Amino acid sequence: MLTVEQIITELKSYLPQVDEGLLVRATEFCLRAHPDQKVPDGRDYLQHALEIAAVLARLKVDETTIVVGILHDSLTPGHVSAAELENEFGREILSLVETYIKINSIPYRQNNRSQVESFRKMFISMARDLRVILVFLADRLSDMRMISHRTPEQQVARARETLEIHAPLANRLGISWLKGELEDLSLKVLEPEKYADLARRITEHKEERGEHIVKVREKICSLLAENQVEGEVTGRFKHFYSVYKKMERTGVDLDQIYDLIAFRVLVDSVRECYEVLGLVHATWKPIPGRFKDYIAMPKANMYQSLHTTVVGPYGERMEVQIRTHDMHRIAEEGIAAHWKYKEGGAVPAGARDEQRFTWLRHVMEWQQDVSAAGDAPGTSFIDLFPEEVYVFTPNGDVKELPKDATPIDFAY
């Protein structure tokens, strides 16, 4: 069972000056807003709110975002009002909570790829503050973790929405672990038999190859030590959903997918990344066409890493990812990492996207600089899609129009 003290302890690991009283008041206010309310799995509502806070703390967000996560659905008629929330926590937190409620109430209608993309763009534009998007994703992850306690119809609807809206959003923001968990939980609902078969077979692989992972990890560690390179090496099996998608895309069986295992090497500098790559290629034969340099050419979400697939010591393919610790932080926390860390990174191709992401980094860096000076800004507004206007049809579909469009434009 989660407690506010656990959340505070986690926050203190990266925010030593956290306002403990603020977090305690937020949990007390949440209890007032949801008296005796349970979530689908039978737990008290506060546990759901604290789970959201725990997810956000893993992203190392500021304490304001944590409070919004706890209070995300606290404007409950008959219990607490907007005026009470503002009086207790201030205008900024009330505004963020109201924005969250607004985007969370947008009706999702599955249609086609452009419809889904328009929907995604629309509520990013509505949110405008990155922190609301992070709360939105954290709430959905908590909801998906207890999806089995909903009706079959609700499970399918929420899983499909998660796969088409939330997981791609997490990917766009570069939060790889969140994207992976959302995808796996959705797959479990939408393809239960395939998921169960895949989970069983991959688990068997884990038992069979546990010793193999240990030996390969030890070999890579010894390579680093012999060449005076300090690094951290881990081995893991890929997410179920990524394996499932590869099977669907290539039309092959699990037994024909040879790079189920991925090893990750974390070092201190870019120079050492390429040095480790040379050591790996000198030790094991690289597979042609399976090398990707995301350091020289980062992904649109600022992800940077070297990826290579080699023929391992037992004749099987294995993927090796090599990146710096700072790159790994960006890979795990994505754009959210800019709340605490200032990283360079690259921006996506395309003039408009380049401008948006450059501005986003500047906003985050500016906020960090101002916060360090003790004059934190009220909000960090970002306008990722300022050139579009979004409207609903009477059937609830989303239409994308140019900025300054009129009702006549919508009619035609």
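**A walk around some helix contacts**

Visitor: At what angle do helix H8 and helix H9 pack?

Guide: Keep in mind that this is a predicted model. Helix H8 covers residues 130–145 and helix H9 covers residues 152–172, and their axes lie 11 Å apart. The crossing of H8 and H9 is left-handed. As for the angle at which they pack, it's about 140 degrees.

Visitor: How many charged residues are in the contact of H8 with H9?

Guide: H8 brings Phe 136, Leu 137, Arg 140, Asp 143 and Met 144 to the contact, and the residues from H9 include Arg 158, Glu 161 and His 166. Sorted by kind, the residues of this contact give 6 nonpolar and 2 polar, and the charged ones number 4.

Visitor: Are H2 and H5 roughly parallel or antiparallel to each other?

Guide: The axes of H2 (residues 20–33) and H5 (residues 82–89) come within 11 Å and cross at roughly 165 degrees. Angles over 145 degrees count as roughly antiparallel. So H2 and H5 are roughly antiparallel.

Visitor: Which residues in H5 does H2 meet?

Guide: On the H2 side, the residues are Leu 22, Arg 25, Ala 26, Phe 29 and Arg 32. The residues of this contact divide into 5 nonpolar, 4 charged and no polar.

Visitor: Which side chain makes a polar contact with the side chain of Glu 92?

Guide: Glu 92 sits in helix H6, residues 91–104. With a relative accessible area of 25%, Glu 92 is partly exposed. At 2.9 Å, the partner of its side chain is that of Arg 131.

Definitions and conventions: Residues are numbered from 1 along each chain as its sequence is written. This is a predicted model: local features need pLDDT of at least 70, side-chain atom pairs count only at pLDDT 80 or more; totals for chains, interfaces and linings use all residues. Side-chain values use heavy atoms; hydrogens and water are left out. Axes are lines fitted to C-alpha atoms, for helices over the stretch in contact, and angles run from 0 to 180 degrees between N-to-C directions. Helices (H or I, at least four residues) and strands (E, at least two) are DSSP runs, numbered from the N terminus. Angles under 35 degrees count as roughly parallel, over 145 as roughly antiparallel, 65 to 115 as roughly perpendicular and the rest as oblique. Contact means heavy atoms within 4.5 Å. Ala, Val, Leu, Ile, Met, Phe, Trp, Tyr, Cys and Pro count as nonpolar, Asp, Glu, Lys and Arg as charged, and the others, Gly among them, as polar. Buried means under 20% relative accessible area, exposed over 50%, partly exposed in between (1.4 Å probe, protein chains only). A polar contact is a pair of N or O atoms within 3.5 Å; within protein, one must be able to donate a hydrogen and the other to accept it, and residues adjacent in sequence count only if both atoms are side-chain atoms. A crossing is left-handed if the near helix is turned anticlockwise from the far one by less than a right angle, and right-handed if clockwise.
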